[in-house]
Amino acid sequence: MSTRPMFPPGSAAEKDYIVYDVDGLKRESSAPCQLNCPAGIDVPSYIGLIGQGKYDEAIELIRRDNPFPWVCGLVCPNPCESWCQRRYLDKALCIKDLKGLAAKMVMEKGRGYRIPEPANSYKEKVAIVGSGPAGLTAAYFLALEGYSVTVFESMPEPGGLMIAGIPEFRLPRHVVWREIESIKAMGVEIVPNTPVGAGLTLDQLRKDGYKAFFLGIGAWQGYKLDIEGENDYPQVLSALKFLKDVSFGLKIKPADKVAIVGGGNAAVDAARTCVRLGSQSVSIVYRRTRSEMPAH
C-alpha cells in the first residue's frame, strides 16, 4: 500500500513532495521537515511523542541523531520549519520550540537524560581536539559505539562557540553545561586548558596510545573587509573575538557610538551585547536589505 499523502491536485504541497533514492531503492517521504533537518532527526515522530506528553521518549529519539536537543531548541536556525506541511493549512509548527520544550521538561522537571549503554566495547582510544559542538558530537557517537574518548580543549571550559560565541542571553550557560555533563556521563573525558599543537602534539598522543583523531577546532576567524585602515586602529574589532572576550568576563563597553558591519548572527549578537554593556548608539550596517539578513 502506498504511503503517499493526499494533497489537493496541483497544490504547492504536491510539488514539495519528495521522492529520494537511498542505496538504489526509491523511497517516498511524506516528511520534508525531516529531510531538511541537517541531522536528519525524525521530526514527525518526536512531535507525536511530545503531543502525548512523552518527553523522555521524544528526547531519546532526538538524541539518536543529535546530542544537543536543548541547545538546538534555543538557537537552531530551524530549516525544518520552512518545509513543514502544516503551512498549507495555516502555518508551520514551531518545531524548534517543541524540541526545546521537551529537553527542558526532561532536564528541569524530570530525571535528566537517560545515559545510553554503549553498543560495543573497544580497547582503542580516540583523541578529539576541540570541545565545540562538532567535537562533542563526535565524542558522543564514538562513546555510543563503545570507544574510549578523550577531548582536548584549549579554553578553560568546554563548549566552543556555544559558550564563547553565542551570548548567554540567547543561550544560557547552564543549558550547555547540562548537555555536556550528559556526554561526560557516558565516559567521555574532557581535558580543558590543553591546546594541541606546539606543546602537546598529535605524535605525542600517538605515543600515548591514541589510535584515531578528530580535529574539531572550530571557525574562530572573522571575515575582513580588506579596506584601508582596517588593521590600523584598535577600535576595529572582530565580532567573534569581542563576543569571546565578553563571555569570559571582559565586559567593557567598546564605545558610546558603535557601528557593526554585517547582518549575520555574530553581528546581531554583538549589537545586542554592546547595548547591554552601555553603548548609547549602536547601528548595524548591511549591504543588502533587512529581509536578506542571514541572522535568525
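The legends below describe close-up views of aromatic rings in a predicted model. Local features need pLDDT of at least 70 and side-chain atom pairs count only at pLDDT 80 or more, while totals for chains, interfaces and linings use all residues. Residues are numbered from 1 along each chain as its sequence is written, and side-chain values use heavy atoms, with hydrogens and water left out.

**View 1. The ring pair of Tyr140 and Phe141.** The structure holds three aromatic pairs. In one of them, the ring centres of Tyr140 and Phe141 are 5.0 Å apart and the planes stand at 75°, so the pair is edge-to-face. Rings of Phe, Tyr and Trp (its six-membered ring) pair if their centres lie within 6.5 Å; planes under 30 degrees apart are stacked, over 60 edge-to-face, and the rest tilted. Tyr140 is buried at 2% relative accessibility, and Phe141 is partly exposed at 28%. Buried means under 20% relative accessible area, exposed over 50%, and partly exposed in between (1.4 Å probe, protein chains only).

**View 2. The ring pair of Phe152 and Tyr210.** This pair is edge-to-face, with 6.0 Å from centre to centre and 75° between the planes. Phe152 belongs to strand S4 (residues 148-152) and Tyr210 to strand S6 (residues 210-215), so the pair ties together parts 58 residues apart in sequence. Strands (E, at least two residues) are DSSP runs, numbered from the N terminus. Phe152 is buried at 8% relative accessible area, and Tyr210 is buried at 10%.

**View 3. Lysine charges over the rings of Tyr210 and Trp220.** The charged end of Lys125 sits over the Tyr210 ring, 4.4 Å from its centre. Over the ring of Trp220 sits the charged end of Lys244, 5.1 Å from the ring centre. A charge sits over a ring if NZ of Lys or CZ of Arg is within 6 Å of the ring centre and within 35 degrees of the ring normal.

Notes
Helices (H or I, at least four residues) and strands (E, at least two) are DSSP runs, numbered from the N terminus.
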